[in-house]
Amino acid sequence: MLYTMKALLKVAKANKFAVPAFNICSFDMLKAIMEEVEAQRAPVILEIHPDEIDYLGDPFVATVKEYALRSNVPVVIHMDHGGTIADVMRAIRNGYTSVMIDASLADYEDNVALTSQVVELAHQVGVSVEAELGTIGNNGGSYEGGSDTIIYTDPDQAVDFVNRTGIDTLAIAIGTAHGLYPKDVKPELNLPLLKELNKRIDIPFVLHGGSGNPDAEVSEAVKYGVGKVNLSSDLKSVFFNEIRRVLNENPDMYEPNQVYPTPNEKVKEVVRHKLHILNTIGKADLY
Ligand SMILES: [Zn+2]
């Protein structure tokens, strides 16, 4: 079943669970994620970054859409970190049901203006819009970027932003960073700030850079309005590490059905764990 983000997260917020948004960068990752969410009866957000689609090509989205339509769990196809109107139009043409426009590094008024323009375009064709306020940190290694220091989302500005733009979901900066955290960095979420935002804003929040934050903190955040958690590095790192291991240990191996099964299993393990943390298991039955 194919859903818009708005419809998907309305149910999530009302029932205090979040839906993981997994970046898919290959067919095998798509297959592993879908097999696991179907086994766990969990809704899912399949997320593709503009750099990922530049690599995969537009026809890949047709495959993702076909997968979603044949599935018995709710699926949203979402563009992660769109930067321009061209990114948004490409995503809409390709059949995404949700887009993110990220102008968080621009001046506030410019962010409001570009985001409003995207909402105007996307809502005409029933596509949901996510935007970002404040800046998410960057641990390096991820093309999603972010700033070197995290600038927390300001609650007054967030209320103004949501009212003026008409967005469906808001990406907030409460102490997460893109990429994998260096070993000497202890990530910590600013839960008091999240509670304040949740008191004043009705639409669901999105947590970017959700890889590597302590599980208990992420589970706690789900109770205070976080409906979507972006996960990319945690999946890609286990997938490619396992491919590396399999090929190094089996230099003569070349058949995909021999190379990919254990990397896919590693992805499934992470998917299962994240669904558990976000309280998403079995929630497909609420749709
Ligand atoms: Zn992000």
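Is arginine 41 buried, partly exposed or exposed? Arginine 41 is partly exposed, with a relative accessible area of 27%; here buried means under 20% relative accessible area, exposed over 50%, and partly exposed in between (1.4 Å probe, protein chains only).

A quick word on ground rules. This is a predicted model, where local features need pLDDT of at least 70 and side-chain atom pairs count only at pLDDT 80 or more, while totals for chains, interfaces and linings use all residues. Residues are numbered from 1 along each chain as its sequence is written, and side-chain values use heavy atoms, with hydrogens and water left out.

Back to arginine 41, then. You'll find arginine 41 in the loop between helix 2 (27-39) and strand 2 (44-48); helices (H or I, at least four residues) and strands (E, at least two) are DSSP runs, numbered from the N terminus. Arginine 41 isn't a glycine, yet its phi is positive, at about 50°. Histidine 81 sits in strand 3 (residues 75-82) and is buried, at 8% relative accessible area.

Now for the charges. Side chains of opposite charge can pair when their charged atoms come close. A salt bridge here is a side-chain nitrogen of Lys or Arg within 4 Å of a carboxyl oxygen of Asp or Glu, and by that rule the count is 20. Arginine 41 makes one of them with aspartate 285, the closest N and O atoms being 2.9 Å apart. Aspartate 285 is in the segment after helix 12 (261-277), so this pair ties together parts that are 244 residues apart in sequence. Aspartate 285 itself is exposed, at 54%.

Next, look at lysine 236 and glutamate 52, whose closest N and O atoms are 2.7 Å apart in their salt bridge.

Glutamate 109 lies in helix 6 (residues 108-124) and arginine 164 in helix 7 (residues 155-165), so the bridge joins parts 55 residues apart in sequence. Glutamate 109 is partly exposed, at 44%, and arginine 164 is partly exposed, at 42%.

Finally, salt bridges also link Lys31, Glu35, Glu265 and Lys268 in a network.
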